[in-house]
Amino acid sequence: MIDRLVLAVLIGATGATAWGAEHPNVLLICVDDLKPLLGCYGDQTVHTPHLDRLAKRGMRFDLAYCNQAVCAPSRHALMTGLRPQTLGIYDLSTRFRTVAPQAVTWSQHFMAHDYRAEHLGKIYHLGHGNGDDQASWSVPGWKVTNAGVKLYHDPASVAKNANTNGAAYESADVVDEAYVDGAMVGVARDRLVALKALGKPWFLGVGFIRPHLPFVAPKRFWDLYHRDAFAVPTRAAPIAAPAYATQSGGELRRYMGIPPQGPLDDDLTRTLIHGYHAAISYADAQIGKVLDALDASGQATNTVIILWGDHGWHLGDHGQWCKHTNYEQATRIPLIIAGPGIPAGSTTMALIETVDLYPTLAAWCGLPLPTGLDGLDQGAVLRGGAAIRDHVIHVYPRGERLGRAIRTTRHRLVEWKKPGDPPASADLELYDYRDDPLETRNLAAQQPEVVAELRAILGRHPEARAQAGVK
């Protein structure tokens, strides 16, 4: 066991809030598979009025990145403040307590300082042998018990559901509450009222499933869009990139109606892009109801709101679907933080990664900072100050290889090798987002001086641990 995984609290540390001695509440909104495809991020097609108004209340981070583009490791990073390569967890099934039993999670740290911590929906990854962490919460989380909440409603989708994963999308003429995210909103309203009555600060996590596959959303959200208006992306993989750096969308291909291999045709591509947009708009509407409930409860003036996507999503770019890569579309995430003391309607190009949220919010809420975290306190950025980081780091595994990526404001370097092997054994990727924002060509062989500069940055990081349980 690594000593730094024991997150001892520095009792003597202090961190005054930006608006007084009272500890603010924290509303953490997690959204599964949401990329920064939002109106407030400049997209002209998507309908996201509620997240757009949240951005007007606080700060939008334009260069925010996950620590690994898959659910469980990304959420471990969020809640423990430890990167996947620190924990040695890159898969969906390994529970973080197996390698860091003494870890003090974000919400657990707040509980130790007299906060009430509750959650609804998906905060930790659920499934594949993984699940919730009871030590992180004051009470067990909400589970779906309403028999009226179903995944599929359209008769055609129900008929196809003999397949394990059923259809990849659905447009059914049903109310918002017919799906899990809509049903959860009513519970969130009640929780906000009950938390206020406790008379103590609280930490509430609300985790939305959509736009995760399948793209199921009430018909009214599909009707916001015209499928033929969606462009089909360029499907070419980056020139000179290692063949294993891309992926074939295996998660999507397990759904009914999706070809098991090969490119998706233009018609299906547009339908899936349409479905992803509809699912985003559905999630946006549910988040809007939670924000309205917070306002109605009278607690918004002393609540910090965090909107966080666990990773991005490929929509056919590079011929890829889903996440599971080190490329920009999979790793860049939406991040909005709003609350008292945070400049309303502000934006920042400061680099930030998921592990930074735990120490940033602990300090912002006036709590002592834990030791041993991988993240940095970005409170100065939240106050409108200069960037804290000159780079972020994220990872993705391919077999025995691990791709460790350094992302600066201009470049991304990916070093692919087995953990512990010498750097000379690595395959390299280099992309320039000023001159080639769509990652069309791996420049590692053409720009050795940039590679050397970024590998020097990578050298400041500890060597990655191998996957837990693998020798």
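Predicted model: local features only at pLDDT ≥ 70, side-chain atom pairs only at ≥ 80, totals over all residues.
Visitor: What is the order of the strands in the open sheet of 4 strands?

Guide: Strands here are DSSP runs of E with at least two residues, helices are runs of H or I with at least four, and both are numbered from the N terminus. Two strands pair if DSSP finds at least two bridges between them. The pairing in this sheet is antiparallel, and the order is S12-S13-S14-S15.

Visitor: Why is one side of S12 and of S15 left without a neighbour in the sheet?

Guide: In the order S12-S13-S14-S15, strand S12 (392–398) and S15 stand at the edges.

Visitor: How many bridges join S14 to strand S15?

Guide: Strand S15 spans residues 427–432 and runs antiparallel to S14. Among the partners, Glu-415 is bridged to Leu-428 in S15, and Leu-413 to Leu-430. The number of bridges joining S14 to S15 is 6.

Visitor: Which residue in S14 is the bridge partner of Arg-407?

Guide: Strand S13 (residues 401–407) is joined to S14 by 6 bridges, and the two run antiparallel. A hairpin of 3 residues links S13 to S14. In S14, the partner of Arg-407 is Arg-412.

Visitor: How many residues of strand S14 are buried?

Guide: Buried means under 20% relative accessible area, exposed means over 50%, and partly exposed lies in between (1.4 Å probe, protein chains only). His-411, Leu-413, Glu-415 and Lys-417 point one way from S14, while Arg-412, Val-414 and Trp-416 point the other way, and all are buried. For the strand at residues 411–417, the count is 7 of 7.

Visitor: At about what angle does helix H13 run to S14?

Guide: Axes are lines fitted to C-alpha atoms, for helices over the stretch in contact, and angles run from 0 to 180 degrees between N-to-C directions. Helix H13 (residues 448–458) lies across S12, S13, S14 and S15. The angle of H13 to S14 is about 70°.

Visitor: Is H1 parallel or oblique to H9?

Guide: Helix H1 (residues 49–57) and helix H9 (residues 266–296) pack at about 45°, with axes 7 Å apart. Angles under 35 degrees count as roughly parallel, over 145 as roughly antiparallel, 65 to 115 as roughly perpendicular and the rest as oblique. The angle therefore makes H1, relative to H9, oblique.

Visitor: Which residue has a side chain in polar contact with the side chain of Asp-356?

Guide: Asp-356 sits in the loop between strand S11 (346–353) and helix H11 (357–364), and is buried at a relative accessible area of 0%. A polar contact is a pair of N or O atoms within 3.5 Å; within protein, one must be able to donate a hydrogen and the other to accept it, and residues adjacent in sequence count only if both atoms are side-chain atoms. A polar atom of the Asp-356 side chain lies 2.7 Å from the backbone nitrogen of Leu-376. The side-chain partner, at 2.9 Å, is Gln-378.

Visitor: Is His-324 buried or exposed?

Guide: His-324 is in the loop between strand S9 (321–322) and helix H10 (328–331). Contact means heavy atoms within 4.5 Å, and the residues His-324 touches include Val-70, Glu-251 and Tyr-396, not counting residues up to four places away in sequence. With 18% relative accessibility, His-324 counts as buried.

Visitor: How far apart in space are Ala-380 and Trp-142?

Guide: Ala-380 lies in helix H12 (residues 379–382) and is partly exposed, at 38% relative accessibility. Ala-380 and Trp-142 are 238 residues apart in sequence. In space, C-alpha to C-alpha, their separation is 35 Å.

Visitor: Which residue with a positive phi follows H2?

Guide: Helix H2 (residues 71–80) is mostly covered, with 10 of its 10 residues buried. Its cover includes strand S1 (25–31), helix H3 (84–87) and H11. The residue after H2, with phi near 75°, is Gly-81.

Notes:
Residues numbered from 1 in each chain as written. Heavy atoms only, no water.
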